[in-house]
Amino acid sequence: QLGIFATKVSIEESSELLCCNLRVVEELLVRDSRLHSCTFQGSDEDRKDRQVVSALFCSSEIYGDVRLPFDKIVCERTYFHGDTLQMTKGGASISFAKTQIHSLPY
């Protein structure tokens, strides 16, 4: 399993990731790509004071159960395929535009 740990992570231009662990300190961008059975971590212990950890999913497909541990989540033209979609941050800002979710939020 590939593990990625960075301040900012961009996955773009028809990329396809399988079984990856993405640990993000500030920002995750997924555009025009597919993610299969990937896990996400918004890194609390590495964030600076009052810093927002955000994720933007645009024109992408996400397969498998998804746990989104981010303070701000924006989904545009994104398709979630899986049994579970879970938002784990209390008070998170979530925006959906032209997005399809083929599971019920947890």
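Predicted model: local features only at pLDDT ≥ 70, side-chain atom pairs only at ≥ 80, totals over all residues.
Two rings of Phe, Tyr or Trp, taking the six-membered ring for Trp, count as a pair here if their centres lie within 6.5 Å, and the pair is stacked when the planes are under 30 degrees apart, edge-to-face when they are over 60 degrees apart, and tilted otherwise. I begin there because a pair of aromatic rings is described by the distance of the centres and the angle of the planes.

Residues are numbered from 1 along each chain as its sequence is written, and side-chain values use heavy atoms, with hydrogens and water left out.

Let me start with the overall architecture. The chain has 0 helices and 14 strands, where helices (H or I, at least four residues) and strands (E, at least two) are DSSP runs numbered from the N terminus. Of the 106 residues in the chain, 34% are buried, and by buried I mean under 20% relative accessible area, with exposed meaning over 50% and partly exposed lying in between, for a 1.4 Å probe and protein chains only. The chain exposes about 6,100 Å², of which carbon and sulfur atoms supply 45%; these areas come from the Shrake-Rupley method with a 1.4 Å probe, and for residues only the protein chains shown count as cover. If we take the contacts in the chain with a separation of 6 or more, residues 24 or more positions apart account for 23% of them, a contact being heavy atoms within 4.5 Å.

Now to the sheets. Strand β2 and strand β4 (residues 34–36) are joined in the parallel sense over 3 bridges, and Leu17 stands opposite Leu35 in β4. Strand β4 also holds His36, which is buried with a relative accessible area of 19%. Apart from neighbours within four places in sequence, His36 is in contact with Glu16, Leu17, Leu18, Cys19 and Tyr63.

Strand β6 deserves a moment of its own, since 4 of its 5 residues are buried, so that β6 is largely enclosed by the rest of the structure. Strand β3 (residues 21–31) runs parallel to β6 and is joined to it by 5 bridges, with Leu56 in β6 as the bridge partner of Leu29. Another 5 bridges join β6 to β9, and these strands also run parallel; here Cys58 stands opposite Glu76 in β9.

Which brings me back to the aromatic rings, where the count comes to 3 aromatic pairs. Phe40 and Phe70 form an edge-to-face pair, at 6.3 Å centre to centre and with 65 degrees between the planes. That pair links distant parts of the chain, with Phe40 in strand β5 (residues 39–42) and Phe70 in the loop between β8 (66–68) and β9 (72–76), 30 residues apart. Phe40 counts as buried at 4% relative accessibility, and Phe70 is buried as well, at 0%. Phe57 and Phe80 form an edge-to-face pair too, at 6.1 Å centre to centre and 70 degrees between the planes. Because Phe57 lies in strand β6 (residues 54–58) and Phe80 in strand β10 (residues 79–81), this pair ties together parts that are 23 residues apart in sequence. Phe57 is buried at 0% relative accessibility, and Phe80 at 2%.

Finally, the cysteines: how many disulfides are there? The count comes to 0, taking a disulfide as a pair of cysteine sulfur atoms within 2.5 Å. For Cys58, the nearest cysteine sulfur is that of Cys75, 9.9 Å away. Cys58 is buried, with a relative accessible area of 3%, and Cys75 counts as buried at 0%.

Definitions and conventions
Pairing = 2+ DSSP bridges.
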